[in-house]
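Biologist: I am new to this structure. Please show me how to read its features one at a time.

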Amino acid sequence: MRRGLLMALLITCVTTAAAGGVNTAAAQTAASRKILFGIQTGQQDVTYTDLVAIWKEAEALGFDSAWVWDHFAPIRGSINGPALEGWTLLSALATQTSKLRIGTLVTGNTYRNPALLAKMATTVDQISGGRVYLGIGAAWFEAEHRAYGFPFYSAQERAERLGEALEVITRLWTVDHPSFTGKYYVLDKAPFNPPPVQKPHPPIVIGGKGKKWIMPLVAKYADGWNVPLGVSPAGIKTRLQIIHQECQRIGRTPCDPEVSAFLVLHSISDVPLEGSAVRLGARVVVGSRVSRAILAGSAKEITDKIREYVDAGATHIIVHIEAPFDPQLLRRFAKEVMPNFR
């Protein structure tokens with residue numbers, strides 16, 4: 001397997017798959033949508049020049065979105081390696097593209113005050129001409145929090161803080177001079193100008209898998225749900241059912257979030273059984289739940305794998321590509337896989 005990929009999967013995956021039913025009407029709605037495709041590049045051990053080149057390649061190939069991550073140090077290998085900060089990088093990449101929708105997959109809520117984050121996202125929305133997603137989650141990388149002095153709260157408190165942050169951000173985007181007093185955050189007749197280009201605001205995409213705390217936040221605040229590595233198609237169905245039940249409980253309608261499945265594009269090969277061998281090797285290192293998220297093998301094998309996620313309700317496929325980037329791999333994916341869903 002390509003150098004570093006298995007370790008990247010091992011560290012990045014904080015997921016548990018589950019099985020269950022799905023809301024039939026929601027599945028039919030999702031099935032009628034155009035399937036979007038995006039890339040996630042990550043920004044450790046890579047230069048800005050390399051990132052610009054592969055993002056421009058993705059745009060030329062017809063990808064719909066491109067994403068960075070939100071970490072201040074490498075999440076695999078040596079913590080002393082190079083890693084560019086996500087939001088300032090995203091701002092620069094916005095000026096190098098013109099069609100791609102862009103975002104951070106996903107912003108760790110614990111790293112910034114939500115009013116600051118709302119201002120940052122709005123600024124990038126202005127710079128990009130209305131192309132930004134606000135990808136956000138509760139945060140997970142404990143070692144990074146410890147290294148930089150960010151408090152690492154319990155899973156429940158991180159979810160609670162995320163909920164309050166989303167309330168703050170949506171009020172800043174939709175209410176004139178909002179005030180808010182929560183357990184963790186406060187607004188006092190807060191000015192907010194200029195507003196986002198997108199109306200009523202940039203799409204909010206919540207990343208996470210928690211059934212008890214995160215899925216209800218998706219139902220209440222999100223325009224999209226990002227499915228982490230390791231959540232199976234059956235797990236997607238179960239969580240979509242929770243989202244729709246919660247929407248019904250709180251009276252949110254329509255309740256039709258974009259569902260982005262996060263997968264890993266490893267290789268496209270015409271060598272028989274290569275995909276199976278790659279996934280078997282990954283299974284030994286990172287386990288079966290993560291290995292199922294690896295796209296490897298023939299274009300048909302990869303198409304069939306993606307189809308499982310689409311049939312479960314995914315409407316946006318985001319593939320992680322590992323540095324050093326391989327433009328030819330991206331070209332084959334765009335030519336041989338993406339047209340099967342369009």
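Biologist: How many cavities of 30 Å³ or more are there?

Modeller: Rolling a probe the size of a water molecule over the atoms shows where empty space is left. In this predicted model, the count comes to 2 cavities of 30 Å³ or more. The second largest cavity has a volume of about 40 Å³.

Biologist: Which residues line the second largest cavity?

Modeller: The lining includes T41, G42, Q43, Q44, W69 and R76, along with H320, I321, E322 and A323. By class, 3 of the lining residues are nonpolar, 5 polar and 2 charged.

Biologist: How many residues of helix α8 are buried?

Modeller: An α-helix has 3.6 residues a turn, so residues three or four places apart point the same way. Helix α8 (residues 214–221) has 6 of its 8 residues buried, so the rest of the structure largely encloses it. The buried ones are I214, M215, L217, V218, A219 and Y221. They pack against α7 (155–174), β8 (204–207), β9 (224–227) and α9 (233–250).

Biologist: How many aromatic pairs are there?

Modeller: A pair of aromatic rings is described by the distance of the centres and the angle of the planes. The count here is 10 aromatic pairs. In one of them, the ring centres of F37 and F333 are 5.8 Å apart and the planes stand at 75 degrees, so the pair is edge-to-face. The pair links distant parts of the chain: F37 belongs to strand β1 (residues 36–40) and F333 to helix α13 (residues 327–336), 296 residues apart.

Biologist: Are F37 and F333 buried or exposed?

Modeller: F37 is buried, at 0% relative accessibility, and F333 is buried with a relative accessible area of 0%. F37 and F333 form one aromatic cluster with F63 and F341.

Terms used:
Residues numbered from 1 in each chain as written. Predicted model: local features only at pLDDT ≥ 70, side-chain atom pairs only at ≥ 80, totals over all residues. Heavy atoms only, no water. 1 Å grid on protein atoms, 1.4 Å probe; cavity = no way out; pocket = protein on both sides within 12 Å on 5 of 7 lines; lining within 4 Å. Points joined across faces, edges and corners; volume = space filled by probe spheres on them. Nonpolar A, V, L, I, M, F, W, Y, C, P; charged D, E, K, R; others polar. Buried < 20%, exposed > 50% of the residue type's maximum accessible area, 1.4 Å probe, protein only. Helix = DSSP H or I, 4+ residues; strand = E, 2+ residues; numbered from the N terminus. Contact = heavy atoms within 4.5 Å. Phe/Tyr/Trp six-rings, centres within 6.5 Å; stacked < 30°, edge-to-face > 60°.
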